[in-house]
Structures are given as C-alpha cells and as structure tokens.
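Visitor: I would like a close look at one part of this model. Please take me through it step by step.

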Amino acid sequence: MLVTPAYAQAAGGASGAAGLASFLPLILIFVIMYFLMIRPQQKRVKEHRAMVEALKKGDEIVTQGGMIGKVTSVRDNELEVEIAPGVKVRVIRSTVTGLVNRTQPAAANS
C-alpha cells in the first residue's frame, strides 16, 4: 500500500499538460463568443457608420426616437429633417437608426 518514489514522480510530471488542458475550454469559449457576438456587432457598427455617412438630401430616415422624416439639409454632425409639411427639426447624425427610402439619382437619358 505504499507508493514507490518512482511512481509518484511520474504522476507529478503530467501537471504541465493538465494545466494547459484546463485553459483550453476558456480559450474555446472566447473564440466562440468572438465569432457569435463580437464580430457580428462590429460588422453592424461598420454598416451603420457607412449608412450615416452616406445620408444626403431627400433620404427618408428613422431616428432613435421613432421620428420619420425627410432629410432637407446635411451638415457636419447634424441633419435637418422635415417631419411634417413646414416642420423641420435638427437631429444629430448618430441618432439615425435606419433608412426608410433612399433617393435614387436621376436616370441618364439613353
């Protein structure tokens, strides 16, 4: 019932590989979270930024507050939006959440 010294030493040598194996699930969880959560969110942010930068006069937009209106003027960091005939409000570009209708450029005569 006594353990020989040689057998005890052999069992202690495997702790280095076991230490790495204990971190493997954590690394795997991080990789899965990156591909399922972080990467898609970064893609959405990039698409939103491109959409906001591409806004121009005549586009119909939706703001975070739920207002729908047509862009009448574009400035550096803000837009002037007509929400009703004769009613214009200024909104910050970053509050635009979506594009309802994009104005199409005039078709060239062919």
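Which backbone nitrogen does the side chain of Asp59 reach?

Guide: The side chain of Asp59 reaches the backbone nitrogen of Lys56, at 3.0 Å. Keep in mind that this is a predicted model. Asp59 is located in the loop between helix H2 (15-53) and strand E1. Its relative accessibility is 0%, under the 20% cut-off, so Asp59 counts as buried. Buried residues make up 15% of the 110 residues in the chain.

Now the surroundings. Leaving out residues up to four places away in sequence, Asp59 touches Ala54, Gly69, Lys70, Val71, Leu99, Asn101, Arg102 and Thr103.

Next, the strands. Strand E1 covers residues 60-63, and strand E2 covers residues 68-74. The two pair in the antiparallel sense over three bridges. Within this pairing, Val62 stands opposite Ile68 in E2.

Step back to the sheet. It is open, has five strands and runs in the order E4-E3-E2-E1-E5, with antiparallel pairing. Strand E4 (87-92) and strand E5 (96-101) stand at the edges. Each has a single partner strand, so one side of each is left without a neighbour in the sheet. On average, neighbouring strands are turned by 45 degrees against each other, direction ignored.

Finally, the whole chain. Its secondary structure comes to two helices and five strands, in the sequence pattern α-α-β-β-β-β-β. Among contacts between residues at least 6 apart in sequence, 39% join residues at least 24 apart. The chain exposes about 8,700 Å², with carbon and sulfur atoms supplying 63% of it.

Conventions. Residues numbered from 1 in each chain as written. Predicted model: local features only at pLDDT ≥ 70, side-chain atom pairs only at ≥ 80, totals over all residues. Heavy atoms only, no water. Pairing = 2+ DSSP bridges. Helix = DSSP H or I, 4+ residues; strand = E, 2+ residues; numbered from the N terminus. Axes fitted to C-alpha atoms, helices over the stretch in contact; angles between N-to-C directions. Buried < 20%, exposed > 50% of the residue type's maximum accessible area, 1.4 Å probe, protein only. Polar contact = N/O pair within 3.5 Å; in protein donor to acceptor, adjacent residues only side chain to side chain. Contact = heavy atoms within 4.5 Å. Areas by Shrake-Rupley, 256 points an atom, 1.4 Å probe, with all protein chains shown as cover.
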